[in-house]
Amino acid sequence: MVSMMVYAPRPEELGLMKELILQAAAVLTEEKWQVDTFARREQVAAFLREGPLLDLICYDVAPKGSIDDLERIRKQYQNTLLLLIADPAMSPMEYIRPTILASSLLLRPISRQQAREQIKELVEQFQGQSSGSQEESLVIENQEGKTYIPFSQIYYFETRGKKIYARLKKQELPFYETLEHLAERLPEQFVRCHRSFIVSRQRIRKVMFSKNVIELEQGMQLPLSRSYKSAFKELG
């Protein structure tokens with residue numbers, strides 16, 4: 001599944017963007033798309049606090065404070081494709097900067113044809129980027145299509161029942177797999193710590209050998225089995 005967020009305070013633009021994005025996705029891709037739309041900055045802030053996966057963002061930089069907000073968002077989503085909406089009266093120097101790195105731009109007044117062309121280019125760019133970035137992502141495939149999860153956003157994997165759960169900051173994504181087979185295709189940053197867990201070394205804060213516990217960022221804790229302790233000695 002592909003995830004996109006749209007922030008546009010003007011209702012007519014918000015509706016148009018969602019309509020055209022879903023149309024382009026249906027024609028150009030095979031994945032299911034989730035498009036979350038917001039008309040207020042505080043709604044965006046609340047949504048992002050949950051740490052959702054985002055493949056694309058459309059953001060209106062005209063409202064006061066929006067550029068500062070977007071720069072903070074960019075730190076969290078550095079590789080996400082970005083489509084900007086801007087007023088022609090704005091100086092391009094306000095939003096053409098290395099801390100924003102937009103992929104595309106829509107200037108008001110926005111026509112349906114203009115928006116359709118820019119969105120089509122953005123979706124095609126995303127398709128090309130996705131096909132070239134699979135080595136840096138975990139690919140989960142189900143009835144909804146393929147979901148690409150950057151390895152850098154994964155804290156750990158846990159097997160429960162017949163499924164494995166990829167744990168992100170505030171989200172769990174289930175899929176069918178065996179932990180043994182998964183371990184074979186993960187990059188070296190992931191290491192087995194228990195018969196039910198694989199952890200990302202990049203997310204470890206400390207290893208408490210006396211308690212057989214691994215402490216991660218965000219206050220998460222995982223069990224450490226005796227048979228896997230040797231792999232963590234240098235992290236203690």
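Biologist: Happy to have you here! How high is the mean pLDDT of the protein?

Modeller: This is a predicted model, where local features need pLDDT of at least 70, side-chain atom pairs count only at pLDDT 80 or more, and totals for chains, interfaces and linings use all residues. Residues are numbered from 1 along each chain as its sequence is written, and side-chain values use heavy atoms, with hydrogens and water left out. The score pLDDT is the predictor's confidence in each residue, from 0 to 100. In this protein 94% of the residues reach 70 or more, and the mean pLDDT is 90.

Biologist: Which element has the lowest mean pLDDT?

Modeller: Helices (H or I, at least four residues) and strands (E, at least two) are DSSP runs, numbered from the N terminus. Among these elements, β3 has the highest mean, 97, while the lowest, 77, belongs to strand β7 (residues 145-150).

Biologist: Thanks! What is the strand order of the open five-stranded sheet?

Modeller: Two strands pair if DSSP finds at least two bridges between them. The pairing in this sheet is parallel, and the order is β2-β1-β3-β4-β5.

Biologist: Which strands stand at the edges of that sheet?

Modeller: An edge strand here has a single partner strand, so one of its sides is left without a neighbour in the sheet. From one strand to the next, the twist averages 15°. The two edge strands are β2 and β5.

Biologist: And which residue of β5 is the bridge partner of leucine 84?

Modeller: Strands β4 and β5 run parallel and are joined by four bridges. The partner of leucine 84 in β5 is leucine 105.

Biologist: Now the helices. At about what angle does α3 run to β3?

Modeller: Axes are lines fitted to C-alpha atoms, for helices over the stretch in contact, and angles run from 0 to 180 degrees between N-to-C directions; contact means heavy atoms within 4.5 Å. Helix α2 packs on the sheet, touching β1, β2 and β3, and its direction makes about 155° with that of β1. Helix α3 lies across β1, β3 and β4, and its angle to β3 is about 165°.

Biologist: Which elements do the buried residues of α3 pack against?

Modeller: Buried means under 20% relative accessible area, exposed over 50%, and partly exposed in between (1.4 Å probe, protein chains only). In α3 (residues 66-76), the buried residues are Ser66, Ile67, Asp69, Leu70, Glu71, Ile73 and Arg74. Their packing partners are β1 (2-7), α2 (41-48), β3 (56-60) and β4 (81-86).

Biologist: Good to know. Is threonine 29 buried or exposed?

Modeller: Threonine 29 sits in the loop between α1 (11-28) and β2 (33-38). Its side chain reaches the backbone oxygen of alanine 25 at 2.6 Å, and makes a polar contact with the side chain of tryptophan 33 at 3.1 Å; such a contact is a pair of N or O atoms within 3.5 Å, where within protein one must be able to donate a hydrogen and the other to accept it, and residues adjacent in sequence count only if both atoms are side-chain atoms. Because its relative accessible area is 9%, threonine 29 counts as buried.

Biologist: How many salt bridges does a search of the whole structure find?

Modeller: A salt bridge is a side-chain nitrogen of Lys or Arg within 4 Å of a carboxyl oxygen of Asp or Glu. One network of them links Arg10, Glu13, Asp60, Asp87 and Arg108. The search finds 17.

Biologist: How far apart are the closest N and O atoms of aspartate 60 and arginine 108?

Modeller: Aspartate 60 is buried at 2% relative accessible area, and arginine 108 is buried at 7%. In their salt bridge, the closest N and O atoms are 2.3 Å apart.

Biologist: Which residue meets arginine 97 in a salt bridge?

Modeller: Arginine 97 is partly exposed, at 27% relative accessibility. The N to O distance in this salt bridge is 3.0 Å, and the partner of arginine 97 is glutamate 71.
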